[in-house]
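This report goes through a few features of one structure for a reader who has not seen it before. The sequence and the model come first.

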Amino acid sequence: MDSATSELPARTPLTDAAETGLKIVIVGGFGVGKTTLVRSVSEIRPLNTEEVMTQAGVGVDETAGLTTKTTTTVAFDFGRISLSDRVVLYLFGAPGQERFWFLWDRLFSGTLGAVVLVDTRRMSESWYAIDRLEHHRTPFVVAVNRFDDDISAFSLDEIRQALSLPEHVPLIDCDARVRSSGKNVLIALVDHLYELAMARELTP
């Protein structure tokens with residue numbers, strides 16, 4: 001077994017008590033860290049469709065600011081995480097390139113909520129994701145993936161303003177590489193979905 005394989009999580013079976021499965025979509029711009037987030041939190045070996053980037057993508061995929069990126073998702077990522085014995089999240093990471101945006105609307109079908117992952121070095125690439133989620137009326141949270149070489153250090157208030165994000169939409173920092181940080185993002189989304197459900201029940 002090579003070192004890369006040994007680092008992958010072992011297959012974790014669902015508990016007998018699992019009764020609620022929630023479909024969650026992770027969207028955002030190209031190279032923002034969606035595959036990394038799914039990989040870091042998934043309790044099973046994640047399915048991904050990453051391929052090595054080639055010259056064919058030059059001039060097609062916008063790679064400015066992504067000097068270390070060598071692979072790209074060409075369909076979607078899939079993972080799973082149990083939030084409790086009863087509640088399971090099924091995670092779908094959508095491809096970020098514009099040429100794959102046609103897949104998004106279909107991927108949103110049956111989705112209870114979404115995570116918009118943001119890279120402040122390329123913040124404008126988050127606008128399309130937010131627009132499509134609002135169009136579908138899909139609840140979402142926004143997670144700012146802080147990269148080591150990001151020297152901008154924008155505050156969450158500044159990012160909220162730049163994205164024209166309503167106050168009721170949760171906005172949090174994260175590091176997509178760190179499992180605990182990724183789990184906090186998903187918990188924030190589940191909490192947001194619960195609050196929205198409770199508010200609907202209280203509405204006459």
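## The largest cavity

The largest cavity is lined by G29, F30, G31, V32, L117, V118, D119, R122, E125 and S126. On a 1 Å grid over the protein atoms alone, a cavity is a set of points where a 1.4 Å probe fits but cannot get out, and lining residues have an atom within 4 Å of a point. Four of the lining residues are nonpolar, three polar and three charged; here Ala, Val, Leu, Ile, Met, Phe, Trp, Tyr, Cys and Pro count as nonpolar, Asp, Glu, Lys and Arg as charged, and the others, Gly among them, as polar.

The volume of the largest cavity is about 50 Å³, taken as the space filled by probe spheres set on the points, which are joined across faces, edges and corners. One cavity of 30 Å³ or more is found in the whole structure.

## Basis of the model

The model is predicted: local features need pLDDT of at least 70, side-chain atom pairs count only at pLDDT 80 or more, and totals for chains, interfaces and linings use all residues. Residues are numbered from 1 along each chain as its sequence is written, and side-chain values use heavy atoms, with hydrogens and water left out.

## Helices α2 and α6

Helix α2 (residues 34-41) and helix α6 (residues 179-202) have axes that come within 8 Å and cross at roughly 100°. The two helices are therefore roughly perpendicular to each other, a term for angles of 65 to 115 degrees.

L37, S40 and V41 of α2 meet R179, G182, K183 and L186 of α6 in this contact, where contact means heavy atoms within 4.5 Å. Three of these residues are nonpolar, two polar and two charged.

## Strands and aromatic rings

Two aromatic pairs occur in the structure. In one of them, F78 and Y90 are stacked, at 6.2 Å centre to centre with 10° between the planes; rings pair if their centres lie within 6.5 Å, and planes under 30 degrees apart count as stacked. F78 belongs to strand β4 (residues 77-82) and Y90 to strand β5 (residues 87-93), 12 residues apart.

K23 lies in strand β1 (residues 20-28). Beyond its neighbours within four places in sequence, K23 touches Y90, F92, L107, S109, G110, T111, L112 and G113.

Notes:
Axes are lines fitted to C-alpha atoms, for helices over the stretch in contact, and angles run from 0 to 180 degrees between N-to-C directions. Helices (H or I, at least four residues) and strands (E, at least two) are DSSP runs, numbered from the N terminus. Angles under 35 degrees count as roughly parallel, over 145 as roughly antiparallel, 65 to 115 as roughly perpendicular and the rest as oblique. On a 1 Å grid over the protein atoms alone, a cavity is a set of points where a 1.4 Å probe fits but cannot get out, and a pocket is an open set with protein on both sides within 12 Å along at least five of seven lines; lining residues have an atom within 4 Å of a point. Rings of Phe, Tyr and Trp (its six-membered ring) pair if their centres lie within 6.5 Å; planes under 30 degrees apart count as stacked, over 60 as edge-to-face and the rest as tilted.
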